[in-house]
Amino acid sequence: MTGFIHLPGIGNSGDAHWQSRWEAADPAIRRFSPASWDQPDLADWIAALEASVREAEAPPILVAHSLACLLVAHWSAATSLPVAGAFLVAVPDPSSTAFPVQAAGFGMVPQKRLRFPSLIVASTDDPYGSTSYVERRAAQWGSELAVIGAAGHINGQSGLGEWREGRVLLKSFESRIRGENA
């Protein structure tokens, strides 16, 4: 079975965030651990992701939120470690005025196609990334795109609770990956 590694964005994912809720429901899900959630350093986050993928028994699916979506693109360009795919939720635009200053090191985002299947999940009213920005990223990275309507930043403040729709999207994505790799 494919494992999952959760990659929260800046500040980590609190108890109300769907990533934390999914982890509480499934202790097999692992969360990567950079040195600082609040002062993200790209090299450290890449190293933390690299360590998490190396520890996985089989190529995992990366489940990234916000800043961690940009991390996945940087990591993909810097390593050859295999992953089954990446589920990228709420990709932020580094040129947006809402983008956190302390995350500026993530701003020069690789534009080349990711080495693995990916699905970007976007909201039509995400304050950190417009739909047009996310559409461009999906085209550059070779990602599928699922726009779920108005759901803010698809985080704990969005009031999604368990975010069952997200679980359905992830399970469908996982099934397609398994079908391709069978």
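Reply: We begin with a definition: a residue is called buried if its relative accessible area is under 20%, and exposed if that area is over 50%. The model before you is a predicted one.

Me: Is serine 118 buried or exposed?

Reply: Serine 118 has a relative accessible area of 2%. The cut-off for buried is under 20%, so serine 118 counts as buried.

Me: With which side chain does the side chain of serine 118 make a polar contact?

Reply: A polar contact joins a pair of N or O atoms within 3.5 Å. Here the partner is the side chain of serine 143, at 2.6 Å. Leaving aside neighbours within four places in sequence, serine 118 is also in contact with other residues, among them Leu88, Trp141 and Phe173.

Me: In which strand is serine 118 placed, and what stands opposite?

Reply: Serine 118 belongs to strand β5, which covers residues 118–122. Opposite serine 118 stands alanine 86. Strand β4, residues 85–89, pairs with β5 in the parallel sense, over four bridges.

Me: What is the order of the strands in the sheet?

Reply: The sheet is open and has six strands, paired in parallel, in the order β2-β1-β3-β4-β5-β6. At its edges lie β2 (30–31) and β6 (144–147), each of which pairs on one side only.

Me: Which strands does helix α1 touch?

Reply: Helix α1, residues 18–25, packs on the sheet and touches β1, β2, β3 and β4. The direction of helix α1 makes about 145 degrees with that of β3. Helix α3, residues 67–78, also packs on the sheet, where it touches β1, β3 and β4.

Key: Residues numbered from 1 in each chain as written. Predicted model: local features only at pLDDT ≥ 70, side-chain atom pairs only at ≥ 80, totals over all residues. Heavy atoms only, no water. Helix = DSSP H or I, 4+ residues; strand = E, 2+ residues; numbered from the N terminus. Buried < 20%, exposed > 50% of the residue type's maximum accessible area, 1.4 Å probe, protein only. Polar contact = N/O pair within 3.5 Å; in protein donor to acceptor, adjacent residues only side chain to side chain. Contact = heavy atoms within 4.5 Å. Pairing = 2+ DSSP bridges. Axes fitted to C-alpha atoms, helices over the stretch in contact; angles between N-to-C directions.
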